[in-house]
Amino acid sequence: MPIKLENVGIAVRDLEETIAFFTDLGLTVQGRDTVSGDWADTAVGLDGNHAKIAVLQTPDGQGQLELFEYLHPDAIETSPTLPNEIGMHRVAFSVDDIDAALEIAAKHGCTPLRGVANYQDIYKLTYLRGPSGILVMLAQKLQG
C-alpha cells in the first residue's frame, strides 16, 4: 500500500502569530479556511468542532504544516512538551544559515533552549520554542 505524508498538524494559541513566525522562516501560506460542521466533528472526534486553519508549504515543496486555532471547543493549555516526552515531539527544518534563521526567530521572541550544537562537524543544530510552545529544530549542514 503506498503511503505519503501530507502534513503535520499543530494546534496553536494564535494563528496569525504562528503564521508570521513560519513565513518569516521561509514557508508560504498555501491556503486558509474555517472548518466546522458534522464532517469536522466526525473527522476530528470533537463535538462542535470549529477552527481557523492555515496550510503552510516549505520552499522545496516537500513539506506542509497545517495550523489550527480552535474557536470551539476551547483550546486546552498544557505545559510545553519537553524534548524527552512521549508524543508529538518537534518539527525540524534544514536551513542554509542557522545564524540568520535564529535572528528571524529572535524577532518573534524565540531563542534556543540551550545553544547551537555542532554534531561531528556535519551539522550545526538547535531546538527552540516557537509560538504556542512548539518545539522547532533548525539544522544547517556544514560543508565538508
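Colleague: What share of the contacts in the protein chain with a separation of 6 or more comes from residues 24 or more positions apart?

Modeller: Residues 24 or more positions apart account for 54% of those contacts, where contact means heavy atoms within 4.5 Å. This is a predicted model, in which local features need pLDDT of at least 70 and side-chain atom pairs count only at pLDDT 80 or more, while totals for chains, interfaces and linings use all residues. Residues are numbered from 1 along each chain as its sequence is written, and side-chain values use heavy atoms, with hydrogens and water left out.

Colleague: How many helices and strands does the secondary structure come to?

Modeller: The protein chain has three helices and eight strands. These are DSSP runs numbered from the N terminus: helices are H or I with at least four residues, strands are E with at least two. Read from the N terminus, the order is β-α-β-α-β-β-β-α-β-β-β. Along the principal axes, the C-alpha atoms fill a box of roughly 55 × 35 × 30 Å.

Colleague: What percentage of the 144 residues counts as buried?

Modeller: 32% of the 144 residues count as buried. Buried means under 20% relative accessible area, exposed is over 50%, and partly exposed is in between, with a 1.4 Å probe and protein chains only.

Colleague: Which residues touch the most other members of the largest nonpolar core?

Modeller: Phe 22, Leu 65, Leu 67, Phe 93, Leu 128, Val 136 and Leu 138 do, in a core of 23 residues. A nonpolar core is a set of buried Ala, Val, Leu, Ile, Met, Phe, Trp, Tyr and Cys residues joined through side-chain atoms within 4.5 Å. Elements that each supply at least two residues of this core include α1 (15-24), β4 (64-72) and β8 (135-141).

Colleague: What does Leu 128 touch, not counting residues up to four places away in sequence?

Modeller: Among the residues Leu 128 touches are Phe 21, Leu 102, Ala 105, Cys 110, Ile 134 and Val 136. In soluble globular proteins, nonpolar side chains tend to be buried together.

Colleague: How many salt bridges does the count come to?

Modeller: Four. One of them joins Glu 16 and Arg 32, with the closest N and O atoms 2.7 Å apart. That pair links distant parts of the chain, from Glu 16 in helix α1 to Arg 32 in strand β2 (residues 28-36), 16 residues apart. Glu 16 is partly exposed because its relative accessibility is 42%, and Arg 32 is partly exposed at 48%.

Colleague: And Glu 69 with Lys 52, what is the N to O figure?

Modeller: The side chains of Glu 69 and Lys 52 meet at 3.7 Å, N to O, in a salt bridge. Glu 69 is in strand β4 and Lys 52 in strand β3, so the pair ties together parts 17 residues apart in sequence.

Colleague: Is Glu 69 buried or exposed?

Modeller: Glu 69 counts as buried because its relative accessible area is 16%. Lys 52 has 30% and is partly exposed.

Colleague: Where do Asp 99 and Lys 124 lie?

Modeller: The side chains of Asp 99 and Lys 124 meet in a salt bridge, 3.7 Å from N to O. Asp 99 lies in helix α3 and Lys 124 in strand β7 (residues 123-129), so parts 25 residues apart in sequence are tied together.

Colleague: Where is Asn 49 found?

Modeller: Asn 49 is in the loop between α2 (38-44) and β3. It counts as buried because its relative accessibility is 2%. Residues that Asn 49 touches beyond four places in sequence include Val 35, Asp 41, Tyr 70 and His 72.
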